[in-house]
Amino acid sequence: MREIGAGSLHWFGLRVYDARLAVAGERFDPAQPFALTLRYAREVSGERIAETSLDEIRRLGFGTPADHRRWLDGMRRLFPDVRRGDELTGASVPGRGAQFLLNGQSIGSIDEPEFGRAFFAIWLDPRTRSRDLRAGLLGSGR
């Protein structure tokens, strides 16, 4: 994997995390493996990470209410409370879903292709709330 871009997310002027995107090829291709790593600048509960993720997935129009309930349960089960300096990585496994790591150690996966597409769309879909972060992750707004 090769890092192609990076950026930061700020909320009301406070840095929440720094993000990096690594890809298997020369450029981002959602059909190929990639990994998104968030290095947290502050404490955030796993519950908050899961709920905020689902809010964005809904806003982007992915999934059904039944999917949302199942995905939220899965994220609540997997996502830990994070502290400053912790790295949470989501690795896209095309055709399978998403694998998650905390500080380089596997914490589990959600093995549903539609979940993988929906989850990574939070940062990589053109409709993301964080367009500057997306442009940075994709290396030059590609």
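Trainee: Is strand S4 largely enclosed by the rest of the structure or exposed?
Mentor: This is a predicted model, in which local features need pLDDT of at least 70 and side-chain atom pairs count only at pLDDT 80 or more, while totals for chains, interfaces and linings use all residues. Residues are numbered from 1 along each chain as its sequence is written, and side-chain values use heavy atoms, with hydrogens and water left out. Strands are DSSP runs of E with at least two residues, helices are runs of H or I with at least four, and both are numbered from the N terminus; buried means under 20% relative accessible area, exposed over 50%, and partly exposed in between, with a 1.4 Å probe and protein chains only. Five of the seven residues of S4 (residues 87-93) are buried, so the strand is largely enclosed by the rest of the structure.

Trainee: In what order do the strands of the open sheet lie?
Mentor: Two strands pair if DSSP finds at least two bridges between them, and the pairing here is antiparallel. Strands S1 (2-11) and S6 (105-110) are the edges, each pairing on one side only, and the twist from one strand to the next averages 20°. The six strands follow the order S1-S2-S3-S4-S5-S6.

Trainee: Which residue is the bridge partner of Leu38 in S4?
Mentor: On one side, S3 (residues 34-40) pairs with S2 (residues 14-23) in the antiparallel sense over seven bridges, with Ala22 partnered by Ala35. Six bridges join S3 to S4, again running antiparallel. Within S4, the partner of Leu38 is Leu88.

Trainee: Which residue in the turn between S4 and S5 has a positive phi?
Mentor: S4 and S5 are joined by six bridges and run antiparallel, with Gly90 standing opposite Phe100. The two strands form a hairpin with three residues between them, and the turn residue with a positive phi, about 80°, is Gly95.

Trainee: In the hairpin of S5 and S6, which residue takes a positive phi?
Mentor: Five bridges join these antiparallel strands, and Gln99 stands opposite Ser109 in S6. Most residues other than glycine have a negative phi, and most peptide bonds are trans. In this hairpin, with two residues between the strands, the residue with a positive phi near 50° is Asn103.

Trainee: Phe12 also has a positive phi, but what is its relative accessibility?
Mentor: Phe12 sits in the loop between S1 and S2, with a phi of about 50° although it is not a glycine. Phe12 counts as exposed because its relative accessibility is 76%.

Trainee: Which strands does helix H2 touch as it packs on the sheet?
Mentor: Contact means heavy atoms within 4.5 Å, and directions come from lines fitted to C-alpha atoms, for helices over the stretch in contact, with angles from 0 to 180 degrees between N-to-C directions. The direction of H2 (residues 65-78) makes about 170° with that of S6. The strands that H2 touches are S5 (97-102) and S6.

Trainee: Is Asp18 buried or partly exposed?
Mentor: Asp18 lies in strand S2, and, not counting residues up to four places away in sequence, Asp18 touches Gly7, Ser8, Thr37, Leu38 and Arg39. Its C-alpha atom is separated by 7.4 Å from that of Ala6, twelve residues apart along the chain. At 25% relative accessibility, Asp18 counts as partly exposed.

Trainee: What radius of gyration does the chain have?
Mentor: The radius is taken over C-alpha atoms, and the globule rule is 2.2 Å times the number of residues to the power 0.38. Along its principal axes the C-alpha trace spans about 35 × 30 × 30 Å. A compact globule of 142 residues would have a radius near 14 Å, which agrees with the value for the chain, 14 Å.
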